[in-house]
4 protein chains.
Amino acid sequence: MYTMDVTPRFGDVDGLRHVNNTVIPGWFEQARNPIYRIFNPEFEFDNWNLILARIEVDFIGQIFYNNDIHIKTWISNIGRSSFEVYQEAVQGERICAKGKAVHVHYDFKLQKSIEIPPRFKKDLEQHLYEIIENV
Amino acid sequence: MYTMDVTPRFGDVDGLRHVNNTVIPGWFEQARNPIYRIFNPEFEFDNWNLILARIEVDFIGQIFYNNDIHIKTWISNIGRSSFEVYQEAVQGERICAKGKAVHVHYDFKLQKSIEIPPRFKKDLEQHLYEIIENV
Amino acid sequence: MYTMDVTPRFGDVDGLRHVNNTVIPGWFEQARNPIYRIFNPEFEFDNWNLILARIEVDFIGQIFYNNDIHIKTWISNIGRSSFEVYQEAVQGERICAKGKAVHVHYDFKLQKSIEIPPRFKKDLEQHLYEIIENV
Amino acid sequence: MYTMDVTPRFGDVDGLRHVNNTVIPGWFEQARNPIYRIFNPEFEFDNWNLILARIEVDFIGQIFYNNDIHIKTWISNIGRSSFEVYQEAVQGERICAKGKAVHVHYDFKLQKSIEIPPRFKKDLEQHLYEIIENV
């Protein structure tokens with residue numbers, strides 16, 4: 001599991017005085033940096049090899065400006081050329097949002113998906129989320 | 001169907017030189033303004049009665065900086081106290097992203113969902129997406 | 001003068017129920033697209049030749065969710081290798097924000113500023129803001 | 001001086017593969033949270049008493065995705081009803097951006113500026129930036 005703490009910005013809150021839904025995908029993306037390092041340790045854009053195919057977020061409880069949020073990040077599924085990330089945003093003791101993001105290992109020059117090499121799969125497996133019933 | 005055109009900003013593009021995934025939920029939210037007007041014509045925050053329960057976005061094709069994007073918005077499902085919005089982002093002739101957003105008719109004072117009044121349901125039904133096979 | 005209309009998003013509003021200050025630089029950037037077209041008609045990133053040196057924004061009046069904002073964009077100064085853009089955000093009859101953005105004509109390979117060619121200067125001059133006392 | 005570290009998100013980078021200018025005002029706002037706590041320790045929006053009058057940012061060097069940024073925050077000026085915050089964004093050893101933000105102590109019900117109470121001034125003075133020549 002990867003973890004990251006994030007401090008809400010004044011502007012992250014909307015007219016309902018809770019953090020706006022569109023902010024969460026940005027936090028989740030930020031918390032996926034360590035996964036992107038597996039595929040591209042130096043973050044070289046010319047050799048980037050991942051593309052995002054899908055995101056989903058469930059908003060379970062309101063998130064407020066007053067306290068930091070703890071983001072937990074796991075790998076929830078590994079396929080031939082794609083993998084799924086599962087993430088939770090926790091404020092205090094409450095899970096406020098949970099999301100999934102499907103990534104495809106991708107060759108931008110050929111514009112097609114390519115198999116994930118075994119060495120990357122091995123790294124991803126270190127962070128597998130296995131307690132399925134909680135998802 | 002509601003429609004909106006949006007012009008990408010220079011900063012909407014990421015290091016892969018296509019529009020970053022986190023931008024799309026913002027465009028989709030912007031395009032839902034007419035739906036929010038059904039529930040709250042004057043956009044009064046003290047009487048706001050909708051809360052977002054879930055979003056999902058499928059990224060089908062890359063979106064580029066060079067041309068405007070056409071956002072199409074339908075109602076894809078109406079329940080007792082919730083409804084689902086289905087949206088597409090089209091650039092040129094290509095559907096580049098499609099998303100769903102589940103909204104709950106909500107009483108913020110009581111902190112619970114409430115049934116959608118028939119007059120709102122009637123308005124929502126004007127924008128129902130019925131050609132299921134394309135979704 | 002270039003003009004653009006922008007519709008606020010639900011999430012653009014902050015806890016004070018007016019549009020958050022950090023939203024305005026994004027609107028102003030979006031409204032500068034036609035200026036970027038002068039320097040790079042096809043928006044080719046490999047040949048990009050502008051870098052932003054400075055922005056400033058004065059927040060004169062609150063901007064609200066309920067109505068569109070009209071963005072006006074002028075060129076306020078042209079130097080040897082740089083030029084300044086002056087912009088206003090108008091909601092209803094009120095000028096709510098005004099800003100400046102200093103751009104440098106820049107060679108990213110050599111990492112240095114370069115003189116603005118006369119043909120670009122001529123295009124910029126078509127949009128000069130001359131009523132100095134209002135700035 | 002207040003300090004905060006921020007990790008760039010994949011989407012913070014634009015087509016030039018450096019952090020987009022519109023991202024910096026958000027970082028600076030986030031880093032001003034401790035100053036907002038002086039005026040409103042519990043971050044209660046109904047009693048909010050600050051409004052932003054002006055921001056300016058100088059972009060001195062490019063900021064990249066690969067490394068965290070260190071944000072330094074000082075008070076650079078204290079007036080009767082307003083104060084100015086001075087901030088720097090440092091990546092590695094380089095100051096990449098510096099900015100100012102003018103805040104007004106404000107009564108939202110009366111819609112007018114009000115004098116900053118001595119106890120708040122005293123707290124602000126603890127963070128004064130005095131080495132003027134570096135600004």
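Biologist: In which sense do strand β2 of chain A and β2(B) pair, and over how many bridges?

Modeller: Two strands pair if DSSP finds at least two bridges between them, and strands themselves are DSSP runs of E, at least two residues, numbered from the N terminus. In this predicted model, strand β2 (residues 50-59) of chain A and β2(B) pair in the antiparallel sense over five bridges. Within β2(B), B:E56 is the bridge partner of A:E56. Residues are numbered from 1 along each chain as its sequence is written, and chains are lettered from A and ligands numbered from 1 in the order in which they are written. Local features need pLDDT of at least 70 and side-chain atom pairs count only at pLDDT 80 or more, while totals for chains, interfaces and linings use all residues; side-chain values use heavy atoms, with hydrogens and water left out.

Biologist: Which rotation superposes chain A on chain B?

Modeller: Copies are superposed by least squares on the C-alpha atoms of residues with pLDDT of at least 70 in both. Here a rotation of 180 degrees, with 0.0 Å of shift along its axis, brings chain A onto chain B at an RMSD of 0.0 Å. The two copies are therefore related as by a two-fold rotation axis. In chain A, the C-alpha nearest the axis belongs to A:E56, 2.0 Å from it. Contact means heavy atoms within 4.5 Å, and 100% of the contact residues of chain A recur in chain B, the same surface serving both copies.

Biologist: Which strand of chain B do nine bridges join to β2(B)?

Modeller: That strand is β5 (residues 94-107) of chain B, and the two run antiparallel. B:V57 stands opposite B:G99 in β5(B). In a regular strand the side chains alternate between the two faces of the sheet.

Biologist: How many of the ten residues of β2 in chain B are buried?

Modeller: Buried means under 20% relative accessible area, exposed over 50%, and partly exposed in between (1.4 Å probe, protein chains only). Strand β2 of chain B is mostly covered, with eight of its ten residues buried. A:C96 counts as buried because its relative accessibility is 1%.

Biologist: How many salt bridges does the rule find across the interface of chain A and chain D?

Modeller: A salt bridge is a side-chain nitrogen of Lys or Arg within 4 Å of a carboxyl oxygen of Asp or Glu. The rule finds two across this interface. A:D46 forms a salt bridge with D:R17, whose closest N and O atoms are 2.8 Å apart. In this interface, 23 residues of chain A are in contact with 23 residues of chain D.

How values were computed:
Helices (H or I, at least four residues) and strands (E, at least two) are DSSP runs, numbered from the N terminus.
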